[in-house]
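Student: I have a structure open and would like to go through it with you. Could you take my questions one at a time?

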Amino acid sequence: MKLTLLIRTAFAALAKNKFRTFLTMLGIVIGTSAIILMQAIGAGTSNDIKSKISELGSNIIIVSPSAVSEGGLNQGAGTGLTLKMKDVRALQQYALHLAKSSPLTSVPAQVKYGKENWNTSLFGVSEDYLTIRNITLTKGVNFTVQHIAASAKVCLIGKTVQAALFKNSDPLGKIIRTDKVPLRVIGTLGEKGQTGFGHDQDDIILIPYSCMQSRITGSEYLQQIFCSAQSEEAISVARAEIETVLRSKHGMANSEASDFTINTQSEITSTAKTITSTLSYLLGTMAGIAMLIGGIGIMNIMLVSVRERTREIGLRLAIGATTTDVRRQLLVEAVVITLSAGMFGVSIGVGAGYLIEYTLGWSIIISLSSILITFSITAGTGIFFGWYPATKAAGLNPIESLRYE
């Protein structure tokens, strides 16, 4: 029997009980849409993480204080008070494979200009921070060593802050005010955009770390030290140098755990991949369960169909149809169900993906290869779960089948 005739026969058989066919297809529709969403979210998240990690800067190494515990509760990474400017100076002097390093401390702040005000974050950094993070200036100048030495009340503002306070006017030379200190704008930062999870990287104000410590926080402790290795190949050596220098500076014994943590770009990327993989596994498990339920539904409906069509199948066998013809016909019906459900599922998955991207701002990537893989999985599901009913139909005795009531 020709394939086109088999397909027409399959559609005719399925159309006899539309509601039952719809219920059979439902599990496959859910599973297929889940697979599409899984691949789209996983690929989008992975791509977004790679992009944002690369935006951290070139050959980045981040040093943070270890977590502090209060009342037996871990307060989280970076909550300790162990890093100071003397540590930064020691790294600049003794860590030979570091290109640049910058302290970092941040506080939330409300800033005002004229009648406008905006809630943002102040970052206290050194003049090397822009280079380490690959941040450009669209206007103005960067901090200088003189600004740092004088704890100058100057700042660089991100695009979001500029739009909120200055609208369309030029911010250079203008004075913005925080609760504690006025800041003169000497430069505007290049646009970084939002992360895939809605964090606005342009909603920042950079000021000299000396100004932050002496005029705003009153604390000599740092939240992080941002460093860049001289090359990608030098990252591991630079990391070891940082650990050696800081442990020596903090007077730590060999058996004593470090009171700081070091993260490199490769480690951050590895952690991000682990998180993304875990998300993909969870979504994949859900999609697999849905496909399994759908496949079992197909097998059940095909077994019911075989029982209902016993006399028809017996007649086909009696007039010359081979067992292969019968098996092929039933398998085609199973594949037609799964592929039809697959088309609906792909459409729903693609639509849901773009809806998530539009409403939540998540990065979604839907590729042709993922759609083709999904169709292959649905076709395989139809063949796998349709094989037993098809084989059972092909093994019917023609005489006994014709007598079946």
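Student: Leaving aside neighbours within four places in sequence, which residues is methionine 291 in contact with?
Tutor: Methionine 291 is in contact with Ile28, Gly31, Thr32, Ile35, Ile377, Thr378 and Thr381. Contact means heavy atoms within 4.5 Å. Please note that this is a predicted model, in which local features need pLDDT of at least 70 and side-chain atom pairs count only at pLDDT 80 or more, while totals for chains, interfaces and linings use all residues. Residues are numbered from 1 along each chain as its sequence is written, and side-chain values use heavy atoms, with hydrogens and water left out.

Student: How far apart are methionine 291 and threonine 32 in sequence and in space?
Tutor: They are 259 residues apart in sequence, and 7.3 Å apart in space from C-alpha to C-alpha.

Student: Where is methionine 291, and is it buried or exposed?
Tutor: Methionine 291 is in helix α9 (residues 265-308). Helices (H or I, at least four residues) and strands (E, at least two) are DSSP runs, numbered from the N terminus. Methionine 291 has a relative accessible area of 6%, so it is buried. Buried means under 20% relative accessible area, exposed means over 50%, and partly exposed is in between (1.4 Å probe, protein chains only).

Student: New topic: how many aromatic pairs are there?
Tutor: There are two aromatic pairs. Rings of Phe, Tyr and Trp (its six-membered ring) pair if their centres lie within 6.5 Å; planes under 30 degrees apart count as stacked, over 60 as edge-to-face and the rest as tilted.

Student: Which side chain does threonine 188 make a polar contact with?
Tutor: The side chain of threonine 188 makes a polar contact with that of threonine 138, at 2.5 Å. A polar contact is a pair of N or O atoms within 3.5 Å; within protein, one must be able to donate a hydrogen and the other to accept it, and residues adjacent in sequence count only if both atoms are side-chain atoms. Threonine 188 is found in strand β9 (residues 182-189) and is buried at 1% relative accessibility.

Student: Which residues of helix α3 are buried, and what covers them?
Tutor: In helix α3 (residues 85-94), the buried residues are Met85, Asp87, Val88, Ala90 and Leu91. Their cover includes β4 (98-113), α7 (209-217), β11 (224-229) and α8 (235-249).

Student: Lastly, how many helices and strands does the protein chain have, and what share of its residues is buried?
Tutor: The protein chain has 13 helices and twelve strands. Of its 405 residues, 45% count as buried.
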